[in-house]
Amino acid sequence: MIHEISDQIKHGVGIDYDSRMINVANRIRAYRKSPNTDFFVFNLEDEPLDMIRDFLPEGKVDVVFLLSVCMWFKNWKDVVKFAFDISDAVLFESNGKVEQQNEQIAYLNELYSKVELLAATSEDDAGQKKRKLLICYK
């Protein structure tokens, strides 16, 4: 997603635990000549989240994308809270079983003053069509 909006943003930072994904992102960055984007390998569950600040040119960002990731790690609430701390908004896609998604959305509502549903279903994964896309503002 960062590649698609790179001509409209000051700077974009992407992180993933999978070095293969980061290698692809960096290759696309070079091909598209996008000096305003950076991509880093980082494990959200095993590394101190505060280290992410070192990747951010200004220490904060306008928006964090957390797209269908929270069911994959135990400290997902810490990750969401960190996103809250470093940005004014988060684009969030719930995932997991219905109970997990409801818990994720309830936590967003605890943190953010405004949580808007953008899409009630997702068509990009046949096994996870019940994911919800939300935009959350402080």
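M1 is exposed, at a relative accessible area of 60%. In this predicted model, M1 sits in the segment before α1 (2-5). Together with V63 and F65, M1 makes a nonpolar surface patch of about 270 Å².

**Sheet**

An open sheet is built from four strands, in the order β3-β4-β6-β5, with mixed pairing. The edge positions are taken by β3 (61-67) and β5 (114-119); each has a single partner strand, so one side of each lacks a neighbour in the sheet. From one strand to the next, the twist averages 20 degrees. In general, strands of a sheet pair through backbone hydrogen bonds, in either a parallel or an antiparallel sense. The pairing of β5 with β6 (residues 133-137) is antiparallel and runs over five bridges. Within this region, K114 stands opposite Y137 of β6.

**Helix α2**

How many residues does helix α2 have, and what does it reach from its first C-alpha to its last? Helix α2 (residues 19-32) has 14 residues and reaches 20 Å between those two atoms, close to the 20 Å expected at 1.5 Å a residue. Just after α2, K33 adopts a positive phi of about 55 degrees.

**Salt bridges**

Nine salt bridges are found in a search of the whole structure.

| Salt bridge | Closest N and O atoms |
|---|---|
| E4 with R32 | 3.6 Å |
| K10 with E58 | 2.5 Å |
| D50 with R53 | 2.7 Å |

The salt bridge of E4 with R32 has its closest N and O atoms 3.6 Å apart. E4 belongs to helix α1 and R32 to helix α2, so this pair ties together parts that are 28 residues apart in sequence. E4 is exposed, because its relative accessible area is 57% and the cut-off for exposed is over 50%. R32, at 38% relative accessibility, counts as partly exposed.

In the salt bridge of K10 with E58, the closest N and O atoms are 2.5 Å apart. This pair links distant parts of the chain: K10 lies in the loop between α1 and β1 (12-16), and E58 lies in the loop between β2 (37-41) and β3, 48 residues apart. K10 counts as exposed at 66% relative accessibility, and E58 also counts as exposed, at 54%.

The closest N and O atoms of D50 and R53 are 2.7 Å apart.

**N75**

Where does N75 lie? N75 is in the loop between β3 and α3 (76-86). Its relative accessibility is 15%, so N75 counts as buried, the cut-off for buried being under 20%. The C-alpha atoms of N75 and N109 are separated by 18 Å, and these residues are 34 residues apart along the chain.

Key: Residues are numbered from 1 along each chain as its sequence is written. This is a predicted model: local features need pLDDT of at least 70, side-chain atom pairs count only at pLDDT 80 or more; totals for chains, interfaces and linings use all residues. Side-chain values use heavy atoms; hydrogens and water are left out. Patches are made of residues with over 30% relative accessible area and no salt bridge: like charges are joined within 9 Å, nonpolar side chains (Val, Leu, Ile, Met, Phe, Trp, Tyr) within 5 Å. Accessible areas come from the Shrake-Rupley method with a 1.4 Å probe; for residues, only the protein chains shown count as cover. A salt bridge is a side-chain nitrogen of Lys or Arg within 4 Å of a carboxyl oxygen of Asp or Glu. Buried means under 20% relative accessible area, exposed over 50%, partly exposed in between (1.4 Å probe, protein chains only). Two strands pair if DSSP finds at least two bridges between them. Axes are lines fitted to C-alpha atoms, for helices over the stretch in contact, and angles run from 0 to 180 degrees between N-to-C directions. The expected span of a helix is 1.5 Å times one less than its number of residues.
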